[in-house]
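Please look at the sequence and the 3D structure below before reading on. The paragraphs after it take up a few features one at a time.

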Amino acid sequence: MYEFVALVKRHMLKFLRDKTAVFFSFLSVIILLALYFLFIGESYVSNLRELQEDGIFTRGFVDFVKISNMMGGILVVNTISLSLGIMGNVITDLEQRALDAYLVTPVKRYKIIFSYYVSAIIVTIFFTLIMWGFTILYAGIVSGYWYTFEVIIKTSLLLLFFTFISSSLMIYLTTLLKSVNAFGTLSGILGTLIGFICGIYFPLANFSSGIQYVSSVFPFTHMTILLKNIMLEQSLTTLQTTVPVDAFERIKLYFGVNELGVFGQHVDMIWLMIGSAIIACVLLYLGYFNMSRKIKN
């Protein structure tokens, strides 16, 4: 057990000491935050701003809605980009043959492989929960509205679950790569690509049914929908009792909180999450198999 903990600590410190790697792990989130604050965020609540001017909603309430909708997508992207960033240790260690020293020791091979996964889980959870904590404070200070204790707990637990799914997929993708250059290319485009496909940059309602069908295949799309529903729970309750039914349905559609199902067929969110967990376990096993084979070579 001691050697496993030492390996996990080694991977975490290696990542955190590389300031460039940490920065690029947050790059997708930084870009997304900039886009939201510059123009995307206001486009989501433009209709609510009109109602604000009519005195139906306060400015604080509209700001709270905007922040909740915005961070629902950003927190999901954060679990992806951070777990991928720390998985860069796998590529550099394989390319530089840094693992050779461990292979001649009594340390079991499965401990070496899973130490990368566990380090990614710990680092991603730590920074994601910090970001969630800042979101709670920022939303409360700026808007005057605070998330309930129930929403805070639900969101925190979901982020733990999402980190498991994201890290499993990222370690599998990483074990398919053969060089640091290929990893850099993947990390540079993945966050942006997922942002578009999963309706984080723009609502999926703006795209054709074909694009929505493709999006419904990715677990990250449903993760975003579920997280938005939790974080917007208070706001949606207020909107439902204030605006007409047809207007409320349009708001939900534009916010991207309606469940997509799979290929247009209704599937309960609980089954989608169970399916995502099963896929994550399968990918984790395949990632272990791929890396074990690379170590032997």
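This is a predicted model: local features need pLDDT of at least 70, side-chain atom pairs count only at pLDDT 80 or more; totals for chains, interfaces and linings use all residues.

Residues are numbered from 1 along each chain as its sequence is written, and side-chain values use heavy atoms, with hydrogens and water left out.

Begin with helix α6, residues 88–95. Helices (H or I, at least four residues) are DSSP runs, numbered from the N terminus. The helix α6 is largely enclosed by the rest of the structure, because seven of its eight residues are buried. A residue is called buried under 20% relative accessible area, exposed over 50%, and partly exposed in between, with a 1.4 Å probe and protein chains only. The buried residues of α6 are G88, N89, V90, I91, T92, D93 and L94.

Next come the salt bridges. How many salt bridges does the structure hold? There are three. The term stands for a side-chain nitrogen of Lys or Arg within 4 Å of a carboxyl oxygen of Asp or Glu.

One of them joins the side chains of D63 and R59, with 3.9 Å from N to O. Both residues belong to helix α5 (residues 59–86), where they are four residues apart, about one turn of the helix. Is D63 buried or exposed? D63 counts as buried, because its relative accessibility is 9%. R59 is exposed, with a relative accessible area of 53%.

Another salt bridge links E150 and K154, whose closest N and O atoms are 3.0 Å apart. These two residues are separated by about one helical turn because they are four residues apart in helix α9. E150 has 46% relative accessibility, so it counts as partly exposed. K154 also counts as partly exposed, at 32% relative accessibility.

A further salt bridge is formed by the side chains of D246 and R250, at 3.7 Å from N to O. D246 and R250 are four residues apart in helix α14 (residues 245–255), so about one helical turn separates them. D246 is partly exposed, with a relative accessible area of 47%, whereas R250 counts as exposed at 53% relative accessibility.

A nonpolar patch of about 940 Å² is made by F37, F126, I130, F134, L137, Y138, I141, V142 and W146. Patches are made of residues with over 30% relative accessible area and no salt bridge; nonpolar side chains (Val, Leu, Ile, Met, Phe, Trp, Tyr) are joined within 5 Å, and like charges within 9 Å. The accessible areas come from the Shrake-Rupley method with a 1.4 Å probe, and for residues only the protein chains shown count as cover. Which helix gives the most to this patch? It is helix α8 (residues 109–143), with seven residues. I141, one of the patch residues, has its place in helix α8. I141 has a relative accessible area of 66%, so it is exposed.

The second largest pocket has a volume of about 240 Å³. On a 1 Å grid over the protein atoms alone, a pocket is an open set of points with protein on both sides within 12 Å along at least five of seven lines, and lining residues have an atom within 4 Å of a point. The lining of this pocket consists of 16 residues, and L169, I194, F218, P219 and F220 lie nearest its centre. Two or more lining residues come from each of α9 (149–176), α10 (180–197), α12 (219–231) and α15 (269–296). By type, the lining has 15 nonpolar residues, one polar and no charged.

Some pairs of residues show how distance along the chain and distance in space can be compared. T20 lies in helix α2 (residues 19–25) and is partly exposed, with a relative accessible area of 48%. T20 and A139 are 119 residues apart in sequence, and 29 Å lie between their C-alpha atoms. L160 is in helix α9 and has a relative accessible area of 34%, so it is partly exposed. F207 sits in the loop between α10 and α11 (209–215) and counts as partly exposed, at 30% relative accessibility. F207 and F263 are 56 residues apart along the chain, and their C-alpha atoms are separated by 14 Å.

Technical notes
On a 1 Å grid over the protein atoms alone, a cavity is a set of points where a 1.4 Å probe fits but cannot get out, and a pocket is an open set with protein on both sides within 12 Å along at least five of seven lines; lining residues have an atom within 4 Å of a point. Grid points are joined across faces, edges and corners, and a volume is the space filled by probe spheres set on the points. Ala, Val, Leu, Ile, Met, Phe, Trp, Tyr, Cys and Pro count as nonpolar, Asp, Glu, Lys and Arg as charged, and the others, Gly among them, as polar.
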